[in-house]
Amino acid sequence: MTEDENYFPESVAATYDESSAAMFMPEAVDPAVAVLAGLAGAGRALELGIGTGRIALPLAGRGVEVHGIELSPAMADRLRAKPGSEAIGVTLGDFATTRAPGTFSVAYLVFNTIMNLTTQDAQVDCFRNVAAHLEPGGTFVIEVTVPQLRKLPPGQNAVPFHVGETRLGFDTYDTATQAMASHHVRVVDGRGSFRSIPFRYVWPAELDLMARLAGMRLRDRWADWSGAPFTAESESHVSVWEKTED
Ligand SMILES: C[S@@+](CC[C@H](N)C(=O)[O-])C[C@H]1O[C@@H](n2cnc3c(N)ncnc32)[C@H](O)[C@@H]1O
């Protein structure tokens, strides 16, 4: 992973908390923190792609020792500028391969960030890297969208997710390779700016196989952090795998 593949440089980090404001609301944060604190127990928690500390800070506030891995120095700097961050260690690097110090009772990767790894090999490496950090019986939690292919009419490869006067957003899908990209257009004073981020979409069952390759087994899959049942209509999932083998 090179610096060119850092899609969260200073220009994005500077407005990340505002542009993701809904995800910082207590109704989005608190249920996730409650689940993760329960899984951490008396042990340590590892956040992959810790960002500006949206989840890590309140989790540390509950007395859990949290460590993060983060690719973007600018995002890590924003975290370090926040009160409470002194308690949180951050290792800069790619979470598919970077080793953080010590072992953990829970590792977590939220807000669709597994899809930032744009190849299947990198996603498999991520599961293996997590397994290497976990204590026996430790858990790995992923929050990620279900691929929205049912929204694609035949012959079309784009799905809009926001259509407004000052903001346009749409995802594009390549169903042959599972490559996708999110495209964002922002209009200020009648002029647009464009940003595009590549992803790899990944199926729940595919994640279960990646977990098994890394010596983990599915323990729970919910539609959200409240533990609602995961069904054919669920648009995202929170999945928990447990490390069963060393
Ligand atoms: C959508 S943000 C989520 C940040 C935080 N987890 C949250 O929930 O607000 C994704 C974060 O993951 C980081 N990231 C993306 N790919 C990464 C990789 N391969 N290794 C380490 N960090 C990565 C980005 O720099 C960014 O800070």
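Helix 6 and helix 7 pack at an angle of about 50°, and their axes are 8 Å apart. Helices here are DSSP runs of H or I with at least four residues, strands are runs of E with at least two, and both are numbered from the N terminus. Axes are lines fitted to C-alpha atoms, for helices over the stretch in contact, with angles running from 0 to 180 degrees between N-to-C directions. The model is a predicted one, in which local features need pLDDT of at least 70 and side-chain atom pairs count only at pLDDT 80 or more, while totals for chains, interfaces and linings use all residues. Residue numbers start from 1 along each chain as its sequence is written.

Back to the helix pair: helix 6 and helix 7 are therefore oblique to each other (under 35 degrees counts as roughly parallel, over 145 as roughly antiparallel, 65 to 115 as roughly perpendicular, and the rest as oblique). On the helix 6 side, Q123, V124 and F127 meet M210, A211 and L213 of helix 7; contact requires C-beta atoms, placed from the backbone, within 7 Å. Sorted by class, this contact of helix 6 with helix 7 has five nonpolar residues, one polar and no charged ones (Ala, Val, Leu, Ile, Met, Phe, Trp, Tyr, Cys and Pro count as nonpolar, Asp, Glu, Lys and Arg as charged, and the others, Gly among them, as polar).

Both helices also lie across strands. Helix 6, residues 120-133, lies across strands 1, 4, 5, 10 and 11 and runs at about 145° to strand 5. Helix 7, residues 204-213, lies across strands 5, 10 and 11, at about 150° to strand 10.

As for the sheet itself, seven strands make an open sheet with mixed pairing, in the order 3-2-1-4-5-11-10. Two strands pair if DSSP finds at least two bridges between them. From one strand to the next, the twist averages 20°. Within this sheet, strand 1 (residues 44-48) and strand 4 (residues 104-109) run parallel and are joined by three bridges; E47 stands opposite Y108 of strand 4.

Another open sheet has four strands, in the order 6-7-8-9, with antiparallel pairing. Strand 6 (158-163) and strand 9 (191-200) are its edges, and each has a single partner strand, so one side of each is left without a neighbour in the sheet. Here the twist averages 15° from one strand to the next. Strand 8, residues 179-188, pairs with strand 9 in the antiparallel sense over 10 bridges, and V188 has R191 in strand 9 as its bridge partner.

At the level of the chain, there are two parts: domain 1 (3-146 + 203-243) and domain 2 (153-197), with bounds from an automatic or database domain assignment. The C-alpha centres of domain 1 and domain 2 are 25 Å apart.

Notes. Two residues are in contact if their C-beta atoms, placed from the backbone, lie within 7 Å.
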